[in-house]
Structures are given as C-alpha cells and as structure tokens.
Amino acid sequence: MNFNELNLSPELLRAVEDMGYTQTTSIQEKTIPVMLQGLDLIGQSQTGTGKTAAFGLPLIQSIVPSDKKRPQALIMCPTRELSIQVAEELRKFAKYTEGVRTVTIYGGQPISVQIRELKSGADIIVGTPGRIKDHIDRHTLKFEDLKVLVLDEADEMLNMGFREEIEDILSYLPQERQTVMFSATMPQPILNLTEAYMKDPEFIKIKSSEMTVSTIEQILYETNQGTKQDLLLQLLEIYRPELSMVFCNTKKMVDDIASLLLSKGYGAAAIHGDMKQEMRSIVMAKFKDRKINILVCTDVAARGIDVDDMDIVFNFDLPQEIEYYVHRIGRTGRAGKTGIAISLITPRQKYLVNVLERLTRAKITKKPLPTLAEVQEIKFHQMKTEMRKLLAKEVPAEIKRIVEELVDEGFSLEDISRALLFKTIGGDVFKEIKSPASLQKVVTHKGYSNLTLDVGNAHGIAAAHIVSCIAEASGISGRDIGKIRIGERTTTVEIPVQHDKAILEEVNKATIKGYTIKAVLSPVVDRPYEKRTYGGSGSYDRNRDFGNRSKGPRRSNYTEKN
Ligand code: ADP
Ligand code: MG
C-alpha cells in the first residue's frame, strides 16, 4: 500500500517521502487506520517492521496545536536508546507539521536538564517508565491533557520489571484516552495489562511465520559451554562475516566475549544496558561506519539497535525466551540477501532443535564441529594470501637491519620466518575442539575421582548448581555424578574416573552462579559405582550418607574450615 492511501496529512506524507519510504509495511497498513479513528489497539510484529511509524504518524496527526504545550501523547519505551531513537524518528515525521514539540525523558540524564526541557512545554513525551514516574512524583510532568498513550516494546518493559511503574503511571492518566500497545511477543502478563487498561482493543498481529527466515540458513553447533569461546573464534575465521552480531544472555558474557574478540584482533564492541548512553552512541556510529564489524549484545540492548544487514547472527547462547530466537536471526537475510544464523548449543539443549524448527518452520542444519585440519587449512590459506601481499610491499631499511643482525647471529631466514608466522597466526589454530559426544555416556563405571571446587555454602552453592555446572560444562549426564559434599568455601564432587581430566578441563572454564571456579582433581576414590539417590523433595540428597564411605582419602582441605 502507498502511504498516500492512508488519510495522512500532506505534511506527514511529505516527511515520509523525504525519509525514502514508498510502500507501507504490513503493520503500518493495518494499524494506521485504526489509530486514526482513535481506537485502542495492540500491535504485534517482529522487530524491524516499522512499528515506530505505525504509531508515530497517526499520533502526530492527532496532536492539536496548543499554546499550553501540555503533553498530549506519551510514549513509553524500555530503554534510553529506544526512547531516543523513537523521538528522533518522530521529529523526522513532524518535520513539516507546525508546532509539535517532542521531549525525551529517561534515566541517566540529569533530571534538571529534563525539568528545564519540560518547562518549555512539550506535546509528546517519549521516555522510560522509571524516570517518567520520577517526574510525576516531582510534579514536573502533568498529564491532564493527555490523549494518546503508547507502550512500545511492552513485553520488554515487563521483562525489565517496569510493571509497577507502568501501572502507577497509568493511574495518573486521564481515563478518556487512546491506549496503544506494541510488542514483539504476547505473553500472558501483557494480556493482563491489556484487559485492565484498554478498551476493546483491536488485536493486530502480523504473522511471524513469513518472517524472512526462508532466506536464512540456520546452523547449529553442539559443544560444551566451556568451549564455546574457542568455537566462536574458529567460526569467525571459517565464515569471515563482514558484519555480524553475537547474542549472549548476560551482560557479563557480553563483556567477556567482546574482550576476547578484541584481544584476538577483531573489530568487536559490546552493547548492553549498563553502558552509558554516549558510549553506546559511539559504538553504534562506528558500527554503521563499519569501523566495528562484530557487535556483541544482549537482547534488551539489541532492541534499540536499528541494523539488520548482518551477514551472520551468532547465538552464543540460545535466548531464554525462545521466541526471541526469531527476532535475533531476523537481523540477517534481509532485502533479498541470504543470511546465516549460527547457534551454539550444549548437549543438554538438543531438544530445542525441534522447538526451533517448529518455531521457524524451517530446517536447521546441525554441523559437526570444525576439525583442526579445516581450521588450519583456512587460516593458513589466509595467511599465505596476506604474506604474498606483504611481500610485494617495500620494507623500511631498519627492518632489513634486524633481519641481517639475526642472520649474523646464526639464525636462518627460514627459522626467522617460522617464528614470526607462528607469532602472527597465534596458538588458537592449533587447538582442537573436542566433540562433547565423546564424554556423554559413561558405559561402565570404574569408580570416581574427587573433584574439588573452590566454591561452597559461602557462595550460596547448592548441589543442583554443581550437577548442572558439571553436566553443562562436560556433557556427561547428571546421573554419572556421584556424591557431592558442600563445605563452607569448597565443594567436593565425585566424577567418573575415566573422564576426570576432561571434566576438570571443562569445569575450569565454567562458572557457577557467576563465580569463575578453580577445580582440582584428587586421587581416585576406591568406591564402586552406586546409583544416585534422589531426595523426596525432588532435590538431590547428596549429603546424607557422605560420611559412611569406608575407604578413600579424606583430605583436610575438604573440611568446612576451608
Ligand atoms: P520496529 O519498531 O518494528 O522494530 P522500526 O520502527 O524501528 O521497527 O523501523 C525499522 C526500520 O525500518 C527503520 O530504519 C525505519 O526507518 C524503517 N522503515 C519503517 N517503515 C518503513 C517503510 N514503510 N519503508 C521503508 N523503511 C521503513
Ligand atoms: Mg520499535
């Protein structure tokens, strides 16, 4: 549909044309007429489908020019940069419309600046719930004249714990108003909010099944949690994406991965909610200029990022809410190009493959881990190409002198080149990532080794944390883990002897409750395999009979004193 079929004012149409929009998107075509009638509505569609214009254009048209400059519309967004982005977009739409002033209100900016802004009057407020509530409490924001309320990315606002603020704010708004909600997903809490605060809303859903997934090749690699970082590095070498995003589930992981990539010489940057706004803007600007080509982020941070021309989207971790998977991978495979989505899953997440295939209605290819030979082949080929280019270049005389001096010392040119090449290529290319399958089944039990970890009660550790950490890190089944004894600062756990070294290696790369752990192996415990016992409450009862062990060393460093 063309925008000019929509009863929008000539001023808005002109602005839309300036922005280069020709055709409406589906959500715009369906919501704009409903909004123009002043009706309540819920709009659900994928990220990047133009929801800002879907509510922004009719909202600007509904503003009645007034000297009072009291807010007539309020748009709530989950994050600072989303608020800024929406406000910027609204200003572009309102470019030719007289007398519409938009003010942004969000945490992280001095409140005094915002109070000054508000004093000059505002027709539209865009902001985050926390700070808006703050201004209401300070009486610096009044909504007597409010006509339209928009909740943008409503699901994310609830996920971020803004429910109370939103409900508080709603209680200050005039009953007689239009309420519009946009959300990428529609979980129950959203529907509850809808029932309580909206009047007969029209529900407009743009099916996500036709989302661009058909142009996306979905690939899975199965590996242990602890080897994911090595694998990511190898995949970056193998696929060589020009632009990519790496999604993680925690801010800490985002920071870790970004530092790792930087240390390996990649142009990577982290984006997450803890970062200062200026910092985020700088990162985004660099990304758009291609000065950064790998963006590492959480789902929440990604929502504010308006880029969708990735070559590859990596799911370092699968999202906790599986529906986000589609939104994440929708950042690639746009505009007729084919994209690639690569997810790293642990052996325990295998069942999710079917879930994802059903969700995307597409086949997901599980690929074997790259072999050492493959990684080397690719890396060496790149290295040779690069060397040939370098060899064609002129080298300063001082460099030649270093070589001459080394030769004088008796090193051959071949020795020197080898050493330099090894330094340049780095050791990673010589690391084989073991397939987790080799650890998965302990067929015959040959007894246990004691693994001692430097976390305990003092860190709030429970047996379940230990089991899931070891199982997750190593791929062995929780059933193959023996007894667990949690002391004050250390924990001892029995692990199958035939895999003890491999497990040790994996566990040392893992974290428990956010703690990085140091694990050590103790001598083999001479105790036959016993089936694990489960406590009645459904939790593992491991402490009960620990003391009954007849044989096996009991070293002092397992005791509670440590
Ligand atoms: P959403 O809120 O659904 O995630 P946005 O409103 O942020 O999506 O829009 C995503 C991008 O698409 C923005 O760059 C926006 O300018 C652009 N866009 C929106 N509507 C159109 C349209 N009709 N034609 C072309 N581009 C559009
Ligand atoms: Mg949006």
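Reader: How far does a backbone N or O atom of Thr49 lie from an oxygen atom of ligand 1?

Author: This is a predicted model, in which local features need pLDDT of at least 70, side-chain atom pairs count only at pLDDT 80 or more, and totals for chains, interfaces and linings use all residues. Side-chain values use heavy atoms, with hydrogens and water left out, residues are numbered from 1 along each chain as its sequence is written, and chains are lettered from A and ligands numbered from 1 in the order in which they are written. A polar side-chain atom of Tyr21 lies 2.5 Å from an oxygen atom of ligand 1, and a polar side-chain atom of Lys51 lies 3.0 Å from an oxygen atom of ligand 1. For the backbone N or O atom of Thr49, the distance to an oxygen atom of ligand 1 is 3.1 Å.

Reader: How many residues surround ligand 1?

Author: By class, the shell holds two nonpolar, ten polar and three charged residues; Ala, Val, Leu, Ile, Met, Phe, Trp, Tyr, Cys and Pro count as nonpolar, Asp, Glu, Lys and Arg as charged, and the others, Gly among them, as polar. The closest are Tyr21, Gln23, Gln28, Gly48 and Thr52. A residue belongs to the shell if one of its heavy atoms lies within 4 Å of the ligand, and the number that surround ligand 1 is 15.

Reader: Is Ser244 buried or exposed?

Author: Ser244 has its place in strand 9 (residues 244-247). Leaving aside neighbours within four places in sequence, its contacts (heavy atoms within 4.5 Å) include Leu236, Phe287 and Ile312. Buried means under 20% relative accessible area, exposed over 50% and partly exposed in between, with a 1.4 Å probe and protein chains only. Because its relative accessible area is 0%, Ser244 is buried.

Notes
Polar contact = N/O pair within 3.5 Å; in protein donor to acceptor, adjacent residues only side chain to side chain. Helix = DSSP H or I, 4+ residues; strand = E, 2+ residues; numbered from the N terminus.
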